[in-house]
Amino acid sequence: GSSTNLRVSMNIEEKNGTTVLRRTPEKKPPKNIGTWLIGRPLPTADAPHQTIGKAIGLAVFASDALSSTAYATQEMMVILAIAGMSAMNYSVPIAVGIVALLGILTLSYEQVIHAYPNGGGAYIVARDNLGDMAALVAGAALLTDYILTVSVSISSGVAQIVSAFPELFPWRVEVGVLAVAFVTLINLRGVRESGKAFAIPTYFFVLMMVATVGTGLIRYLTGSLGVVQNPPEMEMLHAAQPVTFFLILRAFSNGTSAVTGVEAISNGTTAFKEPRSRNAGITLIWMSVILATLLMAITFLAVQIQAVPSETETIISQMARTAFGGRGILYLGTIVATTVILVMAANTAFAGFPRLSALVAEDSYLPRQLTYRGSRLVYSRGIVALAVIASLLIVIFQASVTNLIPLYAIGVFLSFTLAQAGMALRWWKCGQLKPGQEIVERGSVLREDRAWQFKMISNGLGAITTFIVMIVFAVTKFTDGAWIVIILTPLLVMGFLSIHRHYRRLAEKLSLEHFGAPGPIQRHRAILLIGGVHRGSLAALRYARTLTDDITAVHVSIDEEETAKLQRKWETWGDGVRLVILDSPFRTFVEPLIEYIEDLDQRRRPNEVVTVIVPQFIARHWMSNGLHARAADTLRRVLINREGLVITEVPYQVGDLASEEKKE
């Protein structure tokens with residue numbers, strides 16, 4: 001049994017000549033409502049078995065990028081609509097440019113995955129090659145992007161539902177928040193379970209989109225496609241303007257939302273089965289090929305059917321009912337698949353945000369609690385934090401994709417730029433090494449690479465390209481709300497630095513370097529708070545005697561008659577311990593006590609400790625506990641910052657009062 005394990009452990013440690021004992025408990029965590037919602041707790045040893053393969057990895061990490069095909073074309077057309085329907089023909093060349101950008105990013109992140117097999121993406125690349133400040137900027141940009149990924153994808157999914165069921169339009173915010181809660185719950189169940197849950201919807205979406213664009217292309221080639229029937233009203237037609245280079249840039253920047261999510265696989269490489277770099281790299285290529293194909297096909301067909309960008313009916317809805325000739329079963333299948341994948345797209349952020357926030361927290365730039373894994377071996381605190389912030393954004397922006405998009409891509413393109421600049425510098429460092437020479441960095445190992453010049457140039461060109469796109473996005477979307485992200489990123493970095501400064505100062509205060517042995521406690525006083533003389537207060541008095549003989553009982557007097565009764569009882573039961581009565585003319589409890597303790601503080605000698613002991617009733621039934629004052633909690637909040645002061649709560653279990661009350 002457990003006692004045998006402990007004896008064995010003690011024998012081993014005694015032989016090794018150490019005072020450290022180790023014991024593994026046999027008792028498992030109890031079942032509760034959390035067990036029912038997210039599953040039984042998993043032991044740490046199960047972590048290697050919670051990794052995923054390529055097929056599930058595509059569902060977990062690529063759903064964001066794949067789902068962006070549902071709104072990227074529409075967001076391009078929203079801008080082009082300013083110049084009227086004739087400007088829609090520019091959509092296809094713009095989509096070609098976006099696919100070229102996707103190719104550059106895929107090549108870059110393929111290299112990141114193999115160079116940094118422990119994950120971390122742009123944050124780790126920037127930290128190891130460009131310094132901590134660049135890493136913090138990348139981290140802030142990516143964390144912001146993950147939050148917006150949830151808000152945008154969920155809002156876009158709600159837009160698909162509203163297209164099919166217009167009567168739900170007034171409830172779009174509530175539907176969006178419920179969708180976030182659903183995805184959060186699934187992700188709290190663990191990586192493998194969330195991956196399995198989302199694999200079927202992801203592949204169903206790919207299948208339905210292939211069927212939709214395939215049918216549309218076949219009908220186009222046979223001349224039977226036609227144009228969309230009863231299109232929604234073009235909401236921006238009244239503001240018709242000529243096609244300008246600036247307008248094209250704005251449409252391009254909106255369309256680049258299609259490539260957000262490309263970096264997610266490099267951030268979560270550790271989630272893949274071994275060989276994880278190879279599996280993650282193949283998954284990235286699969287994702288990019290599917291994304292490029294769907295984006296080009298959807299954009300081409302949207303132009304051919306003369307689809308109209310609108311908040312009331314999406315481009316996907318117009319394309320599906322035109323391709324399938326109405327709102328039949330295949331149309332509904334496409335709408336359902338698109339809605340589900342847009343909701344599931346948030347899963348990419350739920351996979352990436354907690355991992356990235358844990359990495360940043362490990363470097364002491366975010367609260368350390370984010371590094372702790374929950375009962376299902378996921379970073380549950382990061383998952384919950386992401387859900388709360390994303391839900392707030394959905395409420396603030398009323399679940400509008402068009403209002404959220406301007407905030408979306410600046411951060412991710414900033415992280416793209418830093419990642420590729422960092423990789424270019426990494427290849428330069430590799431080029432300076434001799435054969436067989438290695439340099440171990442925090443996130444990877446540098447070795448000689450004969451192709452370092454080609455890789456450095458390709459990453460350098462990629463960094464320049466994504467930097468230009470970022471500037472275009474910042475300029476074209478500045479007045480639409482992009483200024484918020486431009487201001488928010490430096491504020492987040494300042495917050496990271498403030499947290500880091502706190503942890504550094506705390507470490508200095510707790511450090512044992514140059515620290516001599518503390519002097520002995522010269523005096524230990526015990527202050528016993530009593531509200532009445534009863535078994536609970538006497539149990540606290542017995543405990544106080546185990547600490548010191550210097551005990552003072554203190555009572556705050558609010559009612560003179562009750563105080564007189566207490567004084568008489570204390571003469572009988574107080575065992576000679578002095579009693580101090582603090583009068584409280586304003587019937588307050590804390591203020592007279594603080595004044596008394598402050599008076600003790602002024603007369604306290606060096607190396608003197610004061611322990612405040614508070615008796616506390618504990619009823620077996622949780623409902624009964626609310627009937628008693630929690631004096632220790634109040635005192636702890638007020639006095640916790642005082643040096644040399646200890647607050648101790650002495651619980652007194654009073655039995656099952658509920659059953660006794662029933663007997664009476």
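Reply: Start with the naming of elements: helices (H or I, at least four residues) and strands (E, at least two) are DSSP runs, numbered from the N terminus. This is a predicted model, in which local features need pLDDT of at least 70, side-chain atom pairs count only at pLDDT 80 or more, and totals for chains, interfaces and linings use all residues. Residues are numbered from 1 along each chain as its sequence is written, and side-chain values use heavy atoms, with hydrogens and water left out.

Me: Which helix gives the most to the nonpolar patch, and what makes the patch?

Reply: Helix α19 (residues 452-476) gives the most, with seven residues; Ile457 is in that helix. Patches are made of residues with over 30% relative accessible area and no salt bridge; like charges are joined within 9 Å, and nonpolar side chains (Val, Leu, Ile, Met, Phe, Trp, Tyr) within 5 Å. The patch here consists of Phe246, Ile457, Leu461, Ile464, Phe467, Ile468, Ile471 and Val475, and its area is about 770 Å². Accessible areas come from the Shrake-Rupley method with a 1.4 Å probe, and for residues only the protein chains shown count as cover.

Me: Is Gly436 buried or exposed, and how do you know?

Reply: Buried means under 20% relative accessible area, exposed over 50%, and partly exposed in between (1.4 Å probe, protein chains only). Gly436 has a relative accessible area of 78%, so it is exposed. Gly436 lies in the loop between α18 (409-431) and β1 (438-440). Its C-alpha atom is separated by 7.1 Å from that of Glu448, twelve residues apart along the chain.

Me: Why is β6 called largely enclosed?

Reply: Nine of the eleven residues of β6 are buried, so the rest of the structure largely encloses this strand. Strand β3 (residues 523-529) is mostly covered, with five of its seven residues buried.

Me: How do you know which strands pair with β3?

Reply: Two strands pair if DSSP finds at least two bridges between them. Six bridges join β3 to strand β6 (residues 608-618), and these two run parallel. Arg523 has Glu608 as its bridge partner in β6, and Ile527 stands opposite Val612 in β6. β3 also pairs with strand β4 (residues 551-557) over four bridges, in the parallel sense; there the bridge partner of Leu528 is Ala553.

Me: What makes the β-α-β unit right-handed?

Reply: A crossover is right-handed if, with the strands pointing away from the viewer, the path from the first strand over the helix to the second runs clockwise. The unit made by β3, helix α21 (residues 535-547) and β4 is right-handed.

Me: What makes Glu608 and Arg525 a salt bridge?

Reply: A salt bridge is a side-chain nitrogen of Lys or Arg within 4 Å of a carboxyl oxygen of Asp or Glu. In Glu608 and Arg525 the closest N and O atoms are 3.4 Å apart, and the pair forms a salt bridge. The pair links distant parts of the chain, Glu608 in strand β6 and Arg525 in strand β3, 83 residues apart. Glu608 counts as buried, because its relative accessible area is 3%, and Arg525 is buried at 12%.

Me: How many salt bridges does the rule give?

Reply: The count comes to 16. Among them, Lys429 and Glu441 meet at 2.7 Å, N to O. Asp128 and Arg127 meet at 3.2 Å, N to O, and both are buried. Arg127, Asp128 and Asp363 are linked in a network of salt bridges.

Me: Why is the pair of Tyr220 and Phe300 called edge-to-face?

Reply: Rings of Phe, Tyr and Trp (its six-membered ring) pair if their centres lie within 6.5 Å; planes under 30 degrees apart count as stacked, over 60 as edge-to-face and the rest as tilted. The structure holds four aromatic pairs. Tyr220 and Phe300 are one of them, at 5.1 Å centre to centre with 90 degrees between the planes, which is edge-to-face. Tyr220 lies in helix α10 (residues 191-221) and Phe300 in helix α13 (residues 276-304), so the pair ties together parts that are 80 residues apart in sequence. Tyr220 counts as partly exposed at 36% relative accessibility, as does Phe300 at 25%.
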